[in-house]
Amino acid sequence: MTMEFTDRVTRVEPSATLAISALATELEADGADVVDLSVGEPDFPTPENIIEAGKDAMDAGHTGYTTSAGILELREAIADKLADDGLEHTADEIIVTPGAKQALYEIVQALIQEGDEVALLDPAWVSYEAMVKMAGGDLTRVDLSDSDFRLEPALDDLAAAVSDDTELLIVNSPSNPTGAVYSDAALEGVRDLAVEHDITVISDEIYKEITYGVDPTSLGTLEGMADRTITVNGFSKAYSMTGWRLGYFAGPEELVDQAGKLHSHSVSSAVNFVQHAGLEALETEEAVTEMVDAFEERRDLVVDLLAEYDVDVAVPEGAFYMMLPVDDDDQAWCEGAIEDAHVATVPGSAFGTPGYARISYAASEERLEEGIERLAEEGYL
């Protein structure tokens with residue numbers, strides 16, 4: 001029997017970041033010592049108070065279904081958190097999802113259909129493209145590599161790329177894979193274009209709590225953006241809860257109503273006791289601060305180590321990634337780096353920006369030092 005698969009599946013490729021991670025795991029299973037700088041998750045354990053809250057919730061019997069949008073207490077707590085960021089949303093304008101990736105998927109499915117145009121800022125997280133293609137949308141891409149991944153100098157390019165035909169623009173600040181935090185002037189430029197062309201904007205703020213000396217602005221707080229911005233965030237990165245799968249999105253009630261149909265017919269709801277752990281997470285500050293401080297120290301270490309080999313990088317202001325300039329064939333560079341140096345990175349072409357490799361510094365200082373040293377010894381720096 002030969003199965004025939006749908007266009008929406010065959011038009012996309014598997015996640016490049018997960019593929020690299022799988023290769024690293026395979027090498028480790030064969031006994032290799034791999035310095036994995038490809039990972040997109042904190043290397044810190046989930047804070048103990050959050051774990052205990054999850055256990056307590058299970059002991060209290062919170063193991064059944066919840067309302068599809070999520071428990072009211074968590075949605076109200078998220079609304080309070082968003083209010084602290086300057087965003088006004090009621091609990092009815094929030095859906096809690098099994099991870100922020102599911103939130104993005106539901107939004108794109110609710111808004112984009114065959115032939116609709118979606119604009120991305122490159123380098124862009126790998127799954128944006130796949131989600132748009134699965135919905136049948138067409139991509140318009142704006143390359144930020146010539147401006148050290150800053151958006152403000154590229155606003156003219158963005159203006160040339162969007163039009164009245166653009167249905168959706170996805171903005172991710174702080175950025176995966178660059179760690180860039182877009183300036184207020186850049187976001188105001190986005191606002192002006194979104195209003196001019198009546199574009200809906202997704203503001204992916206999953207790394208908002210991980211920044212170094214800057215306070216990122218939520219796009220939806222700008223005048224004219226409240227009714228056209230969908231804010232996405234979650235618990236994976238800031239609270240080191242990747243495996244818990246807990247995220248959310250907030251937006252206009254009509255969007256929440258429509259996306260809620262997909263949510264209810266697919267995942268039903270986020271896990272009950274995990275939502276209760278999320279309540280505790282929103283009250284956790286000290287552990288987050290300690291983690292961010294450690295990431296900043298690691299960022300500075302990697303920048304200094306690379307400078308010793310005359311490698312200049314755009315210094316990230318957020319998240320825990322940076323883009324390393326490599327050969328034009330970044331795929332071959334990354335494959336060689338993991339095979340020869342046993343250092344795992346992700347090719348920039350996976351993010352729409354060839355000629356770079358993404359490094360994650362969510363690893364100990366010792367492993368970061370070893371990884372850079374191995375790359376240098378094998379001629380990759």
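Where is the place of glutamate 48? I found glutamate 48 in helix α3, residues 48-59. Helices are DSSP runs of H or I with at least four residues, strands are runs of E with at least two, and both are numbered from the N terminus.

The model is predicted, so I note its limits: local features need pLDDT of at least 70, side-chain atom pairs count only at pLDDT 80 or more, and totals for chains, interfaces and linings use all residues. Residues are numbered from 1 along each chain as its sequence is written, and side-chain values use heavy atoms, with hydrogens and water left out.

**Entry 1**

I looked up the exposure of glutamate 48: its relative accessibility is 49%, so it counts as partly exposed. The scale calls a residue buried under 20% relative accessible area, exposed over 50% and partly exposed in between, with a 1.4 Å probe and protein chains only. I also checked the C-alpha atoms of glutamate 48 and aspartate 165, which are separated by 48 Å. These two residues are 117 residues apart along the chain.

Next I followed α3 to its packing partner. Helix α10 (residues 272-281) packs with α3 at an angle of about 145°, and the axes are 8 Å apart. Axes are lines fitted to C-alpha atoms, for helices over the stretch in contact, and angles run from 0 to 180 degrees between N-to-C directions. On the α3 side I listed Asn49, Ile50, Ala53, Gly54, Ala57 and Met58, and on the α10 side Phe273, His276, Ala277, Glu280 and Ala281. Contact means heavy atoms within 4.5 Å.

**Entry 2: the seven-stranded sheet**

In what order do the 7 strands of the open sheet stand? I read the order as β2-β8-β7-β6-β5-β3-β4, with mixed pairing. Two strands pair if DSSP finds at least two bridges between them. At the edges are β2 (94-97) and β4 (138-143), each with a single partner strand, so one side of each has no neighbour in the sheet. From one strand to the next the twist averages 20°.

I then took the pairs in turn. β2 pairs with strand β8 (residues 247-250) in the antiparallel sense over 4 bridges, and valine 96 has tyrosine 248 in β8 as its bridge partner. Asparagine 172 has aspartate 204 in β6 as its bridge partner.

Is strand β5 largely enclosed or left open? Of the 7 residues of β5 (residues 166-172), 6 are buried, so the strand is largely enclosed by the rest of the structure.

**Entry 3: the three-stranded sheet**

I found an open sheet of 3 strands in the order β9-β12-β11, with antiparallel pairing. Its edge strands are β9 (321-325) and β11 (346-347), each pairing on one side only. Between β11 and strand β12 (residues 356-360) there are 2 bridges, and proline 347 has alanine 357 in β12 as its partner.

**Entry 4: the cores**

The largest nonpolar core has 88 residues, and those with the most contacts inside it are Phe235, Tyr239, Phe249, Phe320 and Trp333. Helix α11 (residues 286-307) gives the largest share, 9 residues. A second, separate core has 28 residues, among them Leu155 and Tyr356. A nonpolar core is a set of buried Ala, Val, Leu, Ile, Met, Phe, Trp, Tyr and Cys residues joined through side-chain atoms within 4.5 Å.
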